[in-house]
Amino acid sequence: MDAHFRSFEQQVLSVLVKNPIGVLGMKSMGDPYVLRSNTVSPIECLHYAMNLPTSVVITGIDSMQLLDQAFEAARTFKPMDQAQVAAMVNRTREAAAKGQYELYKTTNQFDSTAMNPSWLG
């Protein structure tokens, strides 16, 4: 989804890599809104994030099922070629166009500072 709307990959990632700043890959499934688009699977989301020049990909784990999913993503990961990346980007294009599945980009729902302005002093 990221490739189509306010793209971290396109707007930020190259700057971080160039400078060299460590990159934490988070929200690969949009907490889990991206999955609700029915265009990608959890493993595909993790593989896509792992394919980027990240220092680490962080995935939430609150159950044994999600731990097993993370292990499976690590076990089965192979770098994606340009055709594989393009196919995933094309498959998500329509669903991603307006950012409706990336609420961490379009709302304050995940912004702890916005929810706690007193933290700013």
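Some ground rules. Because the model is predicted, local features need pLDDT of at least 70 and side-chain atom pairs count only at pLDDT 80 or more, while totals for chains, interfaces and linings use all residues. Residues are numbered from 1 along each chain as its sequence is written, and side-chain values use heavy atoms, leaving out hydrogens and water.

Salt bridges now. That term means a side-chain nitrogen of Lys or Arg within 4 Å of a carboxyl oxygen of Asp or Glu. How many does a search of the whole structure find? Two.

Arginine 91 pairs with glutamate 44 at 3.1 Å, N to O. Arginine 91 lies in helix α4 and glutamate 44 in helix α2, so the pair ties together parts 47 residues apart in sequence. Helices are DSSP runs of H or I, at least four residues; strands are runs of E, at least two; both are numbered from the N terminus.

Arginine 75 and glutamate 72 also form a salt bridge, 3.1 Å, N to O. Both lie in helix α3, three residues apart, about one turn. Arginine 75 is exposed, at 60% relative accessible area. Glutamate 72 is partly exposed, at 32%. The cut-offs: buried is under 20%, exposed is over 50%, partly exposed is in between, with a 1.4 Å probe and protein chains only.

Next, valine 56. Valine 56 sits in strand β2, residues 56-57. Its relative accessible area is 37%, so valine 56 counts as partly exposed.

Last, helix α2, residues 42-51. Its buried residues are Cys45, Leu46, His47, Tyr48 and Ala49.
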